[in-house]
Amino acid sequence: YEDGKTVHSKVTYVHGSKEGPALWYYKNGQVHEHTAFHKGRKQGLTKKYYPTGELMEELTYEQGEAQPGVKKFNRQGQEIK
């Protein structure tokens with residue numbers, strides 16, 4: 001971030017493409033999103049979090065495409081139907 005101290009993201013690249021686990025952070029240091037990449041595309045389970053750290057959403061990707069079945073949660077951890 002612009003303060004030069006707070007980490008915005010941690011992403012691994014192999015030959016110029018995103019590969020492996022990746023994390024994005026809010027300015028307060030809490031994880032915003034945790035996802036994995038394979039050959040530059042999202043692959044597997046992605047989790048997004050509220051700024052206070054509670055799980056907000058789970059979504060699965062295959063070869064960069066979002067799959068049906070997103071799960072959303074309220075701040076109390078209950079799934080929103």
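In which strand does valine 31 lie? Valine 31 belongs to strand S3, residues 31–38. This is a predicted model, in which local features need pLDDT of at least 70, side-chain atom pairs count only at pLDDT 80 or more, and totals for chains, interfaces and linings use all residues. Residues are numbered from 1 along each chain as its sequence is written, and side-chain values use heavy atoms, with hydrogens and water left out.

**Overall chain**

- The protein chain has nine strands and zero helices; here helices (H or I, at least four residues) and strands (E, at least two) are DSSP runs, numbered from the N terminus.
- Read from the N terminus, the order of elements is β-β-β-β-β-β-β-β-β.
- Along the principal axes, the C-alpha atoms of the protein chain fill a box of roughly 40 × 35 × 15 Å.
- Of the 81 residues, 22% count as buried; buried means under 20% relative accessible area, exposed over 50%, and partly exposed in between (1.4 Å probe, protein chains only).
- The protein chain exposes about 5,700 Å², and carbon and sulfur atoms supply 50% of that area; accessible areas come from the Shrake-Rupley method with a 1.4 Å probe, and for residues only the protein chains shown count as cover.
- Among contacts between residues at least 6 apart in sequence, 7% join residues at least 24 apart, a contact being heavy atoms within 4.5 Å.

**The S1–S2 hairpin**

- Strands S1 and S2 run antiparallel and are joined by five bridges; two strands pair if DSSP finds at least two bridges between them.
- The two strands form a hairpin with two residues between them, and valine 14 stands opposite serine 17 in S2.
- Histidine 15 sits in the loop between strand S1 (9–14) and strand S2 (17–25).
- Histidine 15 is exposed, with a relative accessible area of 82%.

**Positive phi values**

- Most residues other than glycine have a negative phi.
- Histidine 15 has a positive phi near 55°.
- Glutamine 63 also has a positive phi, of about 50°, although it is not a glycine.
- The place of glutamine 63 is the loop between strand S6 (55–62) and strand S7 (65–66), and glutamine 63 is exposed at a relative accessible area of 57%.

- Valine 31 is partly exposed, with a relative accessible area of 24%.
- Not counting residues up to four places away in sequence, valine 31 touches Leu23, Trp24, Tyr25, Tyr26, Tyr49 and Tyr50.
- The C-alpha atoms of valine 31 and glutamate 65 are separated by 22 Å, and these residues are 34 apart along the chain.

**Charged residues in strands**

- Lysine 42 is in strand S4, residues 41–42, and counts as buried at 19% relative accessibility.
- The side chains of lysine 42 and glutamate 33 are joined by a polar contact of 3.0 Å; a polar contact is a pair of N or O atoms within 3.5 Å, where within protein one must be able to donate a hydrogen and the other to accept it, and residues adjacent in sequence count only if both atoms are side-chain atoms.
- Leaving out residues up to four places away in sequence, lysine 42 touches residues including Glu33, Thr35, Phe37, Tyr61 and Gln63.
- Glutamate 58 lies in strand S6 and counts as buried at 17% relative accessibility.
- With residues up to four places away in sequence not counted, glutamate 58 touches Leu45, Thr46, Lys47, Gly69, Val70, Lys71 and Phe73.
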